[in-house]
Amino acid sequence: MTSIVLSIGSNLGDRLARLQSVLDGLGAAVRAVSPVYETDAWGGVEQGPFLNAVLIADDPVLDGPGWLRRGQAFEQAAGRVREQRWGPRTLDVDLVSCRDGEGEVFCRDESLTLPHPLAHLRAFVLIPWLAVDPDATLTVAGRTRRVAHLLEEIDPAERAGVRRTDLGLHLRTEPVTG
């Protein structure tokens, strides 16, 4: 079984509905859902704010590449177009960290890097992650670090750009149709 930490975000269209589509698509695999945060865009491209959240999900058969295919399928269903690096997007699904029965999964190939190579620099990932897993750890440069400590190292202005909203994502007990 693998457990995955997914960072999801949207800044185009019905942002909340796009995030909800990931929960709906994962269904019973979802173990935890963070609050929804509105965050300033990251990466230097002028654009509107994002809604972001973190999900933790389990699957008995998916490995890192399987989770990547699943995340990309959600993005494709949301009409994601990859035109500009760090540009606006209907839906972004990032694999942050993956664990299996032996611990954290490491992958470095042309299509997937685990753990996510920039997660430790992104307050919009770390803040929601800590909301669902206060004891979370992440390997950075070969060293396992507490996510809370990584967040402390991020510029306070960037941390302040991650604002909790009153919006919520909901695990549905009934299948989603239509």
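Asp59 is buried, with a relative accessible area of 11%, where buried means under 20% relative accessible area, exposed over 50% and partly exposed in between, for a 1.4 Å probe and protein chains only. The model is predicted, so local features need pLDDT of at least 70 and side-chain atom pairs count only at pLDDT 80 or more, while totals for chains, interfaces and linings use all residues. Residues are numbered from 1 along each chain as its sequence is written, and side-chain values use heavy atoms, with hydrogens and water left out.

Asp59 belongs to strand β4; strands (E, at least two residues) and helices (H or I, at least four) are DSSP runs numbered from the N terminus. A polar atom of the Asp59 side chain lies 3.0 Å from the backbone nitrogen of Leu62. Not counting residues up to four places away in sequence, Asp59 touches Met1, Thr2, Trp67 and Arg70, contact meaning heavy atoms within 4.5 Å.

In soluble globular proteins, nonpolar side chains tend to be buried together.

Helix α1 comprises the twelve residues 15–26; at 1.5 Å a residue it should span 16 Å, and its end C-alpha atoms are 18 Å apart, which agrees. The expected span is 1.5 Å times one less than the number of residues. Within α1, Leu19, Gln20, Val22, Leu23 and Leu26 are buried. They cover an arc of only 145° around the axis, which puts them on the same side of α1; the arc is that of the directions from the helix axis to the C-beta atoms. The cover over these buried residues includes β1, β2, β4, α2 and β5. Just after α1, Gly27 takes a positive phi of about 55°.

Strands β9 (residues 137–140) and β10 (residues 143–146) pair in the antiparallel sense over four bridges, pairing requiring at least two bridges found by DSSP. Leu138 has Arg145 in β10 as its bridge partner. Two residues separate the strands of this hairpin, in which Ala141 takes a positive phi near 55°.

Technical notes
A polar contact is a pair of N or O atoms within 3.5 Å; within protein, one must be able to donate a hydrogen and the other to accept it, and residues adjacent in sequence count only if both atoms are side-chain atoms.
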